[in-house]
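Here is a short report on one protein structure. Keep the picture open while you read.

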Amino acid sequence: MSEKTPVIKVRDLVVGFGTQTVLNHLDMDVRPAEILGVVGASGAGKSVLLRTIIGLIPRRHGTIDVLGKDLDKIDENERRAMERRWGVLFQQGALFSSLTVKQNVQFPMRENLEISQRLMDEMAYAKLEMVGLSPRDGDKYPSELSGGMTKRVALARALALDPEIVFLDEPTSGLDPISAGDFDELIRTLQQTLEITVFMVTHDLESLYTACDRIAVLADGKLAAEGPISAMLESDHPWVKTYFQGKRGSSLADRELTQ
Ligand SMILES: Nc1ncnc2c1ncn2[C@@H]1O[C@H](COP(=O)(O)OP(=O)(O)OP(=O)(O)O)[C@@H](O)[C@H]1O
């Protein structure tokens, strides 16, 4: 794929439920190896967009290309192959409570790869190390983990099949600011070392400043603004102005300017 080809290309996307239209003729590109932060008011449709791209919610209209393939034009086998090329971290982590950390990380491997248990163990330990957890953490159950550890395990599971794209839905929600900052740094480091493309839905202004290359703002079912933080600070869109140039946003912007 050429440098310029978007990794994800969404065109004229319409998604709704009953009489409600959530995404209304939305166009969006996600570029290779970028961390794109998707923001918008509560209920704007950020999670719906993520879930529609990965095929969990049907579209009413529009096309979605991922890694150069139109998702409407691939057969069942190609679809399964495509799903191995992306990893997803859902809101709340969504770990299987009856499985250990190691078994959770191995879940996608078991579903998709025919490899020995020993190799799967090695791979699971490597993924846990990548996200800053030890092999001993592998034997714990989700109920024994802190919020930050749960997110890390969910990230390790999303990375299980060495994906090219990672979808993160509110990865830092529920974390204290220090743990959230550590998680942002982890995402940044992984993105740089593995050169993955990251689609991150977030409410966390700090994440947008420290982790994201570009930001896409959802409002009224469309992209209201997109670009780096500097573009957000200059935007005239009312929601973008309030969000990025409001009290919280401007203190981060000041810090950015003085660094
Ligand atoms: N499965 C569903 N069935 C019916 N309505 C849904 C469904 N999923 C989402 N919605 C509706 O779609 C709208 C957008 O929801 P979505 O979860 O994408 O918002 P969001 O921007 O991610 O919000 P938040 O920041 O609060 O998580 C909401 O009005 C929601 O109620």
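Which residue in S7 does tryptophan 86 stand opposite? Tryptophan 86 faces isoleucine 165 in S7. Bear in mind that this is a predicted model.

**The open sheet**

Start with the sheet that holds this pair. Six strands form an open sheet in the order S6-S7-S8-S3-S9-S10, and the pairing is mixed. S6 (86-89) and S10 (222-227) stand at the edges. Each has a single partner strand, so one side of each is left without a neighbour in the sheet. From one strand to the next, the twist averages 15°.

Strands of a sheet pair through backbone hydrogen bonds, either parallel or antiparallel.

| Strand pair | Sense | Bridges | Residues opposite each other |
|---|---|---|---|
| S6 and S7 | parallel | four | Trp86 and Ile165 |
| S7 and S8 | parallel | five | Val166 and Val198 |
| S3 and S8 | parallel | four | Leu36 and Phe199 |
| S1 and S4 | antiparallel | five | Lys9 and Asp65 |

Now look at which way the residues point. In a regular strand the side chains alternate between the two faces of the sheet. S6 shows two such sets: Trp86 and Val88 point one way, Gly87 and Leu89 the other. All of these are buried. S7 is mostly covered too, with five of its five residues buried. Ile165, Phe167 and Asp169 lie on one side, and Val166 and Leu168 on the other.

Helix H5 (residues 147-158) lies across S6 and S7 (165-169). H5 runs at about 165° to S6. Helix H3 (residues 101-112) has buried residues Val101, Lys102, Asn104, Val105 and Gln106. Their cover includes helix H4 (117-130) and H5.

**The nonpolar core**

In soluble globular proteins, nonpolar side chains tend to be buried together. The largest nonpolar core here has 62 residues. Which of them touch the most other members? They are Leu36, Val38, Phe167, Val198, Phe199 and Met200.

Take phenylalanine 199 as an example. Setting aside neighbours within four places in sequence, phenylalanine 199 is in contact with Ile8, Val30, Leu36, Val38, Leu50, Ile165 and Phe167. Leu36 also stands opposite phenylalanine 199 across the strand pair.

**A buried proline in a loop**

Proline 171 sits in the loop between S7 and helix H6 (177-194). Is proline 171 buried or exposed? Proline 171 counts as buried, because it has 30 C-beta neighbours inside 10 Å. The cut-off for buried is 20 or more. Not counting residues up to four places away in sequence, proline 171 touches Leu89, Lys151, Phe183, Ile187 and Met200. Glutamate 195 is 24 residues from proline 171 in sequence. In space, the two are 19 Å apart, C-alpha to C-alpha.

**Positive phi angles**

Next, the backbone. Aspartate 12 is not a glycine, yet it has a positive phi of about 55°. Aspartate 12 is found in strand S1 (residues 8-17). Aspartate 12 counts as partly exposed, because it has 13 C-beta neighbours inside 10 Å.

Alanine 33 is not a glycine either, and its phi is positive at about 55°. Alanine 33 lies in the loop between S2 (20-30) and S3. With 16 other C-beta atoms within 10 Å, alanine 33 is partly exposed.

Glycine 18 takes a positive phi near 60° in the hairpin of S1 and S2. That hairpin has two residues between the strands.

**Around the ligand**

Which residues are around it? They are Phe17, Val22, Gly40, Ser42, Gly43, Ala44, Gly45, Lys46, Ser47 and Val48. The shell divides into four nonpolar, five polar and one charged. Which helix gives the most to this shell? Helix H1 (residues 46-53) does, with three residues.

Key:
Residues numbered from 1 in each chain as written. Predicted model: local features only at pLDDT ≥ 70, side-chain atom pairs only at ≥ 80, totals over all residues. Near = placed C-beta within 6 Å. Nonpolar A, V, L, I, M, F, W, Y, C, P; charged D, E, K, R; others polar. Core = buried A, V, L, I, M, F, W, Y, C linked by C-beta atoms within 7 Å. Buried ≥ 20, exposed ≤ 12 C-beta atoms within 10 Å, placed from the backbone. Contact = placed C-beta atoms within 7 Å. Pairing = 2+ DSSP bridges. Axes fitted to C-alpha atoms, helices over the stretch in contact; angles between N-to-C directions.
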